[in-house]
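Hi,

Here is the structure I promised to pass on.

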Amino acid sequence: MKFLQFYLWWDCNNECSFCFARYLKRNKTNSEQRVTYIQRALDILESKKDEQLDVIGLIGGELFEDQISDPVVNAKFMELINKCIDRLESNTLNMVYIMTHLIYQDTKYLDQVLDIFKKRNVLNKVMICTSFDPKGRFHTEERKTLWYSNIEKLLSQNVIVHVEIVVSEYFLEALFNNEVDLHYFKDRGIILDFLNPQGLYESDGIIADNKELTMEHLTRKWLPTRESFIKFLFFLKKFNPIQLERLFSLEIRSQELHIMSNNYIRMRDTETYNENVGFDDLMDCGHSSKFAFYSNSDKCMICDIENFKRECM
């Protein structure tokens with residue numbers, strides 16, 4: 001699958017307590033920069049006009065809170081949306097994924113985008129992607145309720161919704177303590193996927209302000225213990241074997257990610273789970289060292305998944 005993703009700008013404004021983005025050196029983008037970055041995405045799409053793509057993914061910042069409120073930025077972003085729909089209509093693209101945190105009262109900019117898909121009769125070709133974390137994402141119960149309310153609003157419009165959950169120790173503790181009900185997503189037909197936790201990598205174009213603080217953050221129940229993770233595999237086998245088959249699948253991750261603010265391109269090798277071939281270290285098993293992320297073990301998560309499937313499925 002050819003999945004092309006554009007990270008338009010870094011300006012996330014949710015301040016999730018667990019997220020690496022809290023530790024980044026980054027400047028807020030202004031309207032002129034945002035127009036420039038969207039134009040870069042348009043130029044890249046034009047350069048790939050003869051390529052068959054399966055997915056184009058768009059991520060902010062937070063696109064639908066206030067970051068496309070400037071009229072010039074808004075017009076340029078809608079130009080990008082329409083360019084994506086042009087490709088859908090020409091059958092050179094299958095789906096558009098748009099990432100948003102969904103924690104906002106006013107959904108007018110999200111509605112504006114969805115209305116374009118509706119008017120051009122391709123609403124079934126857009127997927128709204130968001131993420132869930134029970135500990136550090138919502139900050140208050142009111143914000144969590146708002147997130148669920150916006151999920152329900154999307155579902156009432158027959159919009160395809162995709163929820164990603166990072167398999168952190170925070171999440172696993174909440175799951176095993178019955179503080180998280182994954183049946184909510186399953187019963188509503190929401191596409192659910194689980195992501196592996198990662199640290200910070202300079203090869204991703206990311207530099208932490210305070211590396212000591214960052215490492216402290218990573219060991220503070222962000223990275224799971226190996227024991228918790230194996231327990232989670234048994235849970236998935238019972239909850240939904242399909243989820244186990246899809247666990248950490250690169251089908252939901254872009255093979256080609258363009259970070260607009262610094263013209264950085266990240267590539268993924270779907271055979272080895274290796275990112276940025278030539279920069280990423282491989283373990284003896286052949287998988288990326290980015291999957292050696294237990295808090296108490298240097299074992300490979302991918303190998304543990306593969307061994308579990310062979311022995312327990």
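**What I found**

The chain has eleven helices and nine strands; helices (H or I, at least four residues) and strands (E, at least two) are DSSP runs, numbered from the N terminus. Bear in mind that this is a predicted model, where local features need pLDDT of at least 70, side-chain atom pairs count only at pLDDT 80 or more, and totals for chains, interfaces and linings use all residues. Residues are numbered from 1 along each chain as its sequence is written, and side-chain values use heavy atoms, with hydrogens and water left out.

Of the 313 residues in the chain, 55% are buried (under 20% relative accessible area, with exposed over 50% and partly exposed in between, using a 1.4 Å probe and protein chains only). Take the contacts (heavy atoms within 4.5 Å) between residues at least 6 apart in sequence: 75% of them join residues at least 24 apart.

Now the strands. E1 (residues 3-7) runs parallel to E7 (residues 256-259), paired over four bridges; two strands pair if DSSP finds at least two bridges between them. In that pairing, Tyr7 stands opposite Ile259 of E7. E7 is covered on both faces, with Glu256 and His258 buried on one side and Leu257 and Ile259 buried on the other. In a regular strand the side chains alternate between the two faces of the sheet.

E5 (residues 160-166) and E6 (residues 191-195) also pair in the parallel sense, over five bridges. Ile165 has Phe194 of E6 as its bridge partner. Four of the five residues in E6 are buried.

On to the helices. H3 (residues 71-89) and H4 (residues 108-119) pack at about 30°, with axes 10 Å apart (axes are lines fitted to C-alpha atoms, for helices over the stretch in contact, and angles run from 0 to 180 degrees between N-to-C directions). That makes H3 roughly parallel to H4 (angles under 35 degrees count as roughly parallel, over 145 as roughly antiparallel, 65 to 115 as roughly perpendicular and the rest as oblique). Residues making this contact include Phe77 and Ile81 of H3 and Val113 and Phe117 of H4. By class, the contact of H3 with H4 has nine nonpolar, three polar and no charged residues (Ala, Val, Leu, Ile, Met, Phe, Trp, Tyr, Cys and Pro count as nonpolar, Asp, Glu, Lys and Arg as charged, and the others, Gly among them, as polar).

H9 (residues 226-239) and H11 (residues 301-312) pack at about 40°, their axes 11 Å apart. That makes H9 oblique to H11.

Cheers
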